[in-house]
Amino acid sequence: VITLPSGIEYEILRSGDGASAENALVVSGEYQLSLPDGSIAFSTYENGELDEIVLSDVIPGLEEGIRAMHEGDQIRLWVPPELGFVDSWPQNIEPNSLLIFDIELSDIVEQADEVLV
């Protein structure tokens, strides 16, 4: 398990050998959001198609986790509450919950021209 300075932790389940998502603006892949009790709050796996993820539109913890990935990677990501749904929580998620994402990154759809770090 790798811990980032922000407190996010992730485990590489499968390593890909594609391009880094560090400067990605839009990626495609599949992901599932689970809660510590094992319940699934959201999953793109249900529709059987890749989902385009605009990194500026997702919670900070998910964005940071995806930026640590490469095309072809599959990771499990643990997002602390302060990097999750800070202002408003979805109906099926309790405030201040640890969020657990399983993410498979298929492709970088759009990359920034400049370094975003």
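I began with F101, which is buried at 3% relative accessibility. I have to keep in mind that this is a predicted model.

Next I asked for what F101 touches, leaving out residues up to four places away in sequence. The list came back as Y31, Q32, L33, I59, L62, I75, R76, L77 and V79.

**Aromatics**

How many aromatic pairs does the structure hold? I got 2. I took the pair of Y31 and F42 to begin with: the rings are tilted, with 5.7 Å centre to centre and 40° between the planes. Y31 sits in strand β3 and F42 in strand β4 (residues 40–43), so this pair ties together parts that are 11 residues apart in sequence.

Then I looked at Y31 with F101, and that pair is tilted too, at 6.2 Å centre to centre and 50° between the planes. Here the partners lie in strands β3 and β7, so the pair ties together parts 70 residues apart in sequence.

Buried or exposed, I wondered, for Y31? Y31 is buried, since its relative accessible area of 12% falls under the 20% cut-off. F42 has a relative accessible area of 42% and is partly exposed. I noted Y31, F42 and F101 down as one aromatic cluster.

**Core**

**Whole chain**

Zooming out, I counted 1 helix and 7 strands. Along the sequence I read the pattern as β-β-β-β-β-α-β-β. The radius of gyration is 13 Å, close to the 13 Å that the globule rule gives for 117 residues, so the chain is as compact as a globular protein of that length. For the C-alpha trace I wrote down spans of about 35 × 30 × 25 Å along the principal axes.

I also looked up burial, and 41% of the 117 residues count as buried. The accessible surface comes to about 6,500 Å², with 46% of it belonging to carbon and sulfur atoms.

Conventions. Residues numbered from 1 in each chain as written. Predicted model: local features only at pLDDT ≥ 70, side-chain atom pairs only at ≥ 80, totals over all residues. Heavy atoms only, no water. Contact = heavy atoms within 4.5 Å. Helix = DSSP H or I, 4+ residues; strand = E, 2+ residues; numbered from the N terminus. Rg over C-alpha atoms; globule rule 2.2 N^0.38 Å. Buried < 20%, exposed > 50% of the residue type's maximum accessible area, 1.4 Å probe, protein only. Areas by Shrake-Rupley, 256 points an atom, 1.4 Å probe, with all protein chains shown as cover. Phe/Tyr/Trp six-rings, centres within 6.5 Å; stacked < 30°, edge-to-face > 60°.
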